[in-house]
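Hello,

Here is the model I promised to pass on. Please open it alongside my notes below.

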Amino acid sequence: MTTPVLARRALGLGAFTITYNVLEGIVAVTAGVVAGAVSLVGFGLDSGIEVISAVIVVIRLSAEVRGVEPDERKEKLALRAVALTFFLLAGYLVIVGIRDLATGETPETSVVGIVLTALSIVIMPTLAWAKRRIGLQMGSALVVADAAETRLCAILSVTTFANLLAYLLLGWTWLDPIAGFVIAIFAIMEGREAWKGELVEDHEHH
């Protein structure tokens, strides 16, 4: 059940998500472009997509805190807008991954990317857990979908970190686009659940 206290907590987590991911996205995309690393650019773009998701949630929750009654139609539209962000990320990763496999393009080592993704491995899972917990307490599919976006960022942090480290230590250039394909699969799965509004229902049936 939504209460003003829970809504404000969710708003606080949303504000932190926006701030952190704006900074993370700028650093990741810049470092990824310089190094030619698909997974790192994808990681940075995911940060941008997560900002979009968080902004949608913050706008919705801000209205709720002001006493505006929930509108089921607007809630569904907002949820589907979040779902589309998952599909956008998946599409980018697949297209660029195929391009790099076809052209044989190889990335360069990115120490900045390794440090950034290592930091996100610590921050993102904790943030995702907190958002999901509050979303379930509120019974808000929108907040839970945003938490799933953050969880995807956590998975992306791990795979990108492992990919950059593997290239640095072993020279595995092929792992970069493959890591992107794996992340795309996760993104499509989460996006489908968000689109159907099943993220909360799945939890309730367990």
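Helices here are DSSP runs of H or I with at least four residues, numbered from the N terminus; strands are runs of E with at least two. The expected span of a helix is 1.5 Å times one less than its number of residues.

Two points on the source. This is a predicted model, so local features need pLDDT of at least 70 and side-chain atom pairs pLDDT 80 or more, while totals for chains, interfaces and linings use all residues. Numbering starts from 1 along each chain as its sequence is written, and side-chain values use heavy atoms, without hydrogens or water.

The overall picture: the chain has seven helices and zero strands. Of its 206 residues, 48% count as buried (under 20% relative accessible area, 1.4 Å probe, protein chains only).

Now α5. This helix covers residues 141–170. Its 30 residues reach 42 Å from first C-alpha to last, close to the expected 44 Å. Ser 140 caps the N-terminal end, with a side-chain oxygen 3.2 Å from the backbone nitrogen of Val 143. After α5 comes Gly 171, with a positive phi near 75°.

Next, Glu 50. It sits in helix α2, residues 38–65. Glu 50 is buried yet has no salt bridge (a side-chain nitrogen of Lys or Arg within 4 Å of a carboxyl oxygen of Asp or Glu). The nearest side chain of opposite charge is Lys 131, 4.1 Å away; Lys and Arg count as positive, Asp and Glu as negative, and His and the chain ends are not counted.

Best wishes

Methods
Polar contact = N/O pair within 3.5 Å; in protein donor to acceptor, adjacent residues only side chain to side chain. Buried < 20%, exposed > 50% of the residue type's maximum accessible area, 1.4 Å probe, protein only.
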